Amino acid sequence: MKVSSPLAMIRNRLQRERIYCTAEYWDAKATEHAGDAASMWPNNNLNALYYEEIAETYASKLPDFSGLEVLEVGCGTGRNTKFLADRGAKVTGVDFSEKAIARARERFHGEPPVFRVQSIFEIEDDGVFDLAVSWGTLTIACRERAQLEDVMRRLRRALKPGGRVLLLEPIHKGPLHRVLKMREREFLAVMRGAGFRIDDVHHMHFWPARLALAFVPWPESVTRPVYFGGQWVMKHLLRQRRGGDYQAILATNPA
Ligand SMILES: C[S@@+](CC[C@H](N)C(=O)[O-])C[C@H]1O[C@@H](n2cnc3c(N)ncnc32)[C@H](O)[C@@H]1O
């Protein structure tokens, strides 16, 4: 499968509901794209800014990772795995793309985290983790509500009592949806149905700026002002409650 040419990107985007949820697509991304574009967008300048925004979100929601057993769902090429491991977390990264996991391993010298080439629909851990995290995986892996319900039950079971989940996911029912078509309200209802208590929701990655920037490798001189303009609008005018391409959801396994 070809993924990196502009034509291939448009073609793949048009059939995203069918191909984004396949390992073959992510294997091809990990093979053809350099840097974080393998797991994210073709614009690596935007990816770097998103990385900072993700780091700020982690730090604001969960200030101390040291010693925590963390399950990373859809770890891709290990961007967040590295962030968490560098802060003392004991990370288990799960992803069904063998090629992405191979790239994730390359980030580590010395003892690497545990990586498992596995579908998230096969996670069977029971009461092992303090924290589960995901960036942009559940809404790509799940085609329908029943699958999301299944994954949420698996995640909750994988957590210790009092364990938490931090999901950064593009949740949309309209044209911005990836594979899963679902409103935020329904997504949260599925989480509650699986037994999670929702602690906090905020929007991130302002979507109009994302659409303008993501698909073209714009230089920093274009990427930064458009990105920060969008962030200003989302923070000051929309109070981080609307306008995000992604929603950050922090929840707890209460029992
Ligand atoms: C948008 S990428 C994000 C990767 C990583 N979380 C990051 O932030 O760089 C989505 C990832 O989800 C993985 N994925 C999609 N469906 C999956 C499934 N059913 N089981 C395991 N991994 C899956 C893909 O292989 C890909 O690495």
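Trainee: Why is arginine 239 called exposed?

Mentor: The model is a predicted one, and in it arginine 239 has a relative accessibility of 61%. The term exposed requires over 50%, so arginine 239 qualifies. Arginine 239 is located in the loop between H11 and S7.

Trainee: What is the phi of arginine 239?

Mentor: Its phi is positive, at about 55°, although arginine 239 is not a glycine. Glutamine 240 likewise has a positive phi, near 55°, and is a residue other than glycine.

Trainee: Where is glutamine 240, and why is it classed as partly exposed?

Mentor: Glutamine 240 is in the loop between H11 and S7. Its relative accessibility is 21%. Buried means under 20% and exposed means over 50%, so glutamine 240 falls in between and counts as partly exposed.

Trainee: What makes valine 70 a buried residue?

Mentor: The relative accessible area of valine 70 is 0%. Since buried means under 20%, valine 70 is buried. Valine 70 belongs to strand S1, residues 69–73. Setting aside residues up to four places away in sequence, valine 70 touches Leu84, Ala89, Lys90, Val91, Thr92, Phe129, Leu131 and Val133.

Trainee: Why is asparagine 253 called buried?

Mentor: Asparagine 253 has a relative accessibility of 3%; the limit for buried is under 20%, and therefore asparagine 253 counts as buried. Asparagine 253 lies in the segment after strand S7 (244–252).

Trainee: How do you know that the side chain of asparagine 253 makes a polar contact with the side chain of arginine 156?

Mentor: The distance between these two side chains is 2.6 Å, and a polar contact requires N or O atoms within 3.5 Å, one able to donate a hydrogen and the other to accept it. Beyond its neighbours within four places in sequence, asparagine 253 is in contact with residues including Leu159, Pro161 and Phe196.

Trainee: What makes the pairing of lysine 160 and aspartate 130 a salt bridge?

Mentor: The N to O distance between their side chains is 3.1 Å. A salt bridge calls for a side-chain nitrogen of Lys or Arg within 4 Å of a carboxyl oxygen of Asp or Glu, so the pair meets the criterion.

Trainee: What is the closest N and O distance between arginine 164 and aspartate 199?

Mentor: The closest N and O atoms are 2.9 Å apart, and the two residues form a salt bridge. This pair also links distant parts of the chain: arginine 164 is in strand S5 and aspartate 199 in strand S6 (residues 197–206), 35 residues apart. The search of the whole structure finds 14 salt bridges.

Trainee: Which residues are closest to the ligand?

Mentor: The ligand is surrounded by 19 residues, the closest being Gly74, Arg79, Asn80, Asp95 and Ile120. A polar side-chain atom of aspartate 95 lies 2.6 Å from a ligand oxygen atom; the corresponding distance is 3.0 Å for asparagine 80 and 3.3 Å for threonine 137. Taken alone the ligand exposes 590 Å², and the protein buries 98% of that.

Trainee: What makes valine 216 partly exposed?

Mentor: Valine 216 has 38% relative accessibility, between the limits of 20% and 50%, so it counts as partly exposed. Valine 216 lies in the loop between H10 and H11. Together with Trp207, Leu211, Phe215, Trp218, Val222 and Val226, valine 216 makes a nonpolar surface patch of about 510 Å².

How values were computed. Residues are numbered from 1 along each chain as its sequence is written. This is a predicted model: local features need pLDDT of at least 70, side-chain atom pairs count only at pLDDT 80 or more; totals for chains, interfaces and linings use all residues. Side-chain values use heavy atoms; hydrogens and water are left out. Patches are made of residues with over 30% relative accessible area and no salt bridge: like charges are joined within 9 Å, nonpolar side chains (Val, Leu, Ile, Met, Phe, Trp, Tyr) within 5 Å. Accessible areas come from the Shrake-Rupley method with a 1.4 Å probe; for residues, only the protein chains shown count as cover. Helices (H or I, at least four residues) and strands (E, at least two) are DSSP runs, numbered from the N terminus. Buried means under 20% relative accessible area, exposed over 50%, partly exposed in between (1.4 Å probe, protein chains only). A residue is near a molecule or strand if one of its heavy atoms lies within 4 Å of it. Contact means heavy atoms within 4.5 Å.
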